[in-house]
Amino acid sequence: WNPKLINEQDLPRTLKALADPKYKGKVAVAPADSDFLPLVRAMDIKYGKRETLDWLRALSRNAQIYSDDEGVTAAVEKGAAAFGDINNYYFYRLREQIGAKHMASRVQHFTGGVIGGLVNVSGAAVMKYGQHPKLAQRLLAFMVSKRAQTLLARSDVDFEYPLRPGVPANPQLRPFDQLQPPDITVAQLGSDRSALDLLQESGLL
């Protein structure tokens, strides 16, 4: 969010509120970005298909549309939109690029277990018919090792939370135990197919 364009107390407190007519032209979203799909699926789980479609259609009338979260982040930073919905690491990456003292925008987390506070999970697996399963297993073992997870946590590119217990996250991030995600599991989210169908049916894609 850009404090020059909207006061903190006026920010939406739920993802659903992004479609409120009072925010028309102020909000930026990237429905084609893969990060947006789990949010749509989570809305469907909580509110059902009809209400999610209504929300998406209202959002298409309300929002400025960008191709990806980097575009949303840049738009808010330069003042083309008052606020936008992103995964938080896009904000930290931009801040690393231009310097914290030069940043006009700020990051705010959804709290209280609402859909906007969803925590996405990055995963990896070995393909059943891969040609080098043992090497693939070694790669996965390295990725979850203390060394690799520490490199991840110290990176000024990823800004993601490490998986391995005992490896502290990048100190710029809000501590993981202070996040307040909704009570929705990765298994419930499933694939992105149903979310994509909803986005296409709504006309947002």
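The buried residues of helix α1 are covered by elements that include α2, α7 and α8, where contact means heavy atoms within 4.5 Å. Helices (H or I, at least four residues) and strands (E, at least two) are DSSP runs, numbered from the N terminus. This is a predicted model, in which local features need pLDDT of at least 70 and side-chain atom pairs count only at pLDDT 80 or more, while totals for chains, interfaces and linings use all residues. Residues are numbered from 1 along each chain as its sequence is written, and side-chain values use heavy atoms, with hydrogens and water left out.

**Helix α1 and its end**

- The buried residues of α1 are Leu37, Pro38, Leu39, Val40, Ala42, Met43 and Asp44; buried means under 20% relative accessible area, exposed over 50%, and partly exposed in between (1.4 Å probe, protein chains only).
- Gly48 follows α1 and has a positive phi, near 90 degrees.

**Packing of α1 with α2**

- Helix α1 (residues 37–47) packs with helix α2 (residues 49–62) at an angle of about 135 degrees, and their axes are 7 Å apart.
- Axes are lines fitted to C-alpha atoms, for helices over the stretch in contact, and angles run from 0 to 180 degrees between N-to-C directions.
- α1 and α2 are therefore oblique to each other; angles under 35 degrees count as roughly parallel, over 145 as roughly antiparallel, 65 to 115 as roughly perpendicular and the rest as oblique.
- The crossing of α1 and α2 is right-handed; a crossing is left-handed if the near helix is turned anticlockwise from the far one by less than a right angle, and right-handed if clockwise.
- On the α1 side, Val40, Met43, Asp44 and Tyr47 meet Lys49, Glu51, Thr52, Trp55 and Leu56 of α2.
- By class, the contact of α1 with α2 has 5 nonpolar, 1 polar and 3 charged residues; Ala, Val, Leu, Ile, Met, Phe, Trp, Tyr, Cys and Pro count as nonpolar, Asp, Glu, Lys and Arg as charged, and the others, Gly among them, as polar.

**Packing of α2 with α8**

- Helices α2 and α8 pack at an angle of about 55 degrees, with their axes 9 Å apart.
- That angle makes α2 oblique to α8.
- The crossing in which α2 passes α8 is right-handed.
- Lys49, Thr52, Leu53, Leu56 and Arg57 of α2 make this contact with Leu198, Leu199, Glu201 and Ser202 of α8.
- The residues of the contact of α2 with α8 divide into 4 nonpolar, 2 polar and 3 charged.

**Leu199 in helix α8**

- Leu199 lies in helix α8 (residues 193–202).
- Leu199 is buried, with a relative accessible area of 0%.
- Not counting residues up to four places away in sequence, Leu199 touches Pro31, Phe36, Leu37, Val40, Leu56, Leu204 and Leu205.
- Leu199 and Lys134 are 65 residues apart in sequence and 39 Å apart in space, C-alpha to C-alpha.

**The sheet**

- An open sheet of 3 strands has the order β2-β1-β3 and parallel pairing; two strands pair if DSSP finds at least two bridges between them.
- β2 (64–65) and β3 (83–84) stand at the edges with a single partner strand each, so one side of each has no neighbour in the sheet.
- Strand β1 (residues 27–29) runs parallel to β2 and is joined to β2 by 2 bridges.
- Ala28 stands opposite Gln64 in β2.

**The loop between α4 and α5**

- Asn120 is placed in the loop between α4 (89–98) and α5 (133–143).
- Asn120 is partly exposed, with a relative accessible area of 30%.
- Apart from its neighbours within four places in sequence, Asn120 is in contact with Asp35, Pro38 and Asn87.
- Asn120 and Ala30 are 90 residues apart in sequence and 16 Å apart in space, C-alpha to C-alpha.
- His109 is also placed in the loop between α4 and α5.
- His109 counts as buried at 18% relative accessibility.
- Leaving aside neighbours within four places in sequence, His109 is in contact with Asn88, Arg174 and Leu179.

- In helix α6 (residues 146–154), Ala148, Gln149, Thr150 and Ala153 are buried.
- The buried residues of α6 pack against α5.
- Phe159 is found in the loop between α6 and α7 (186–189).
- Although Phe159 is not a glycine, this residue has a positive phi of about 50 degrees.
- Phe159 is buried, with a relative accessible area of 1%.
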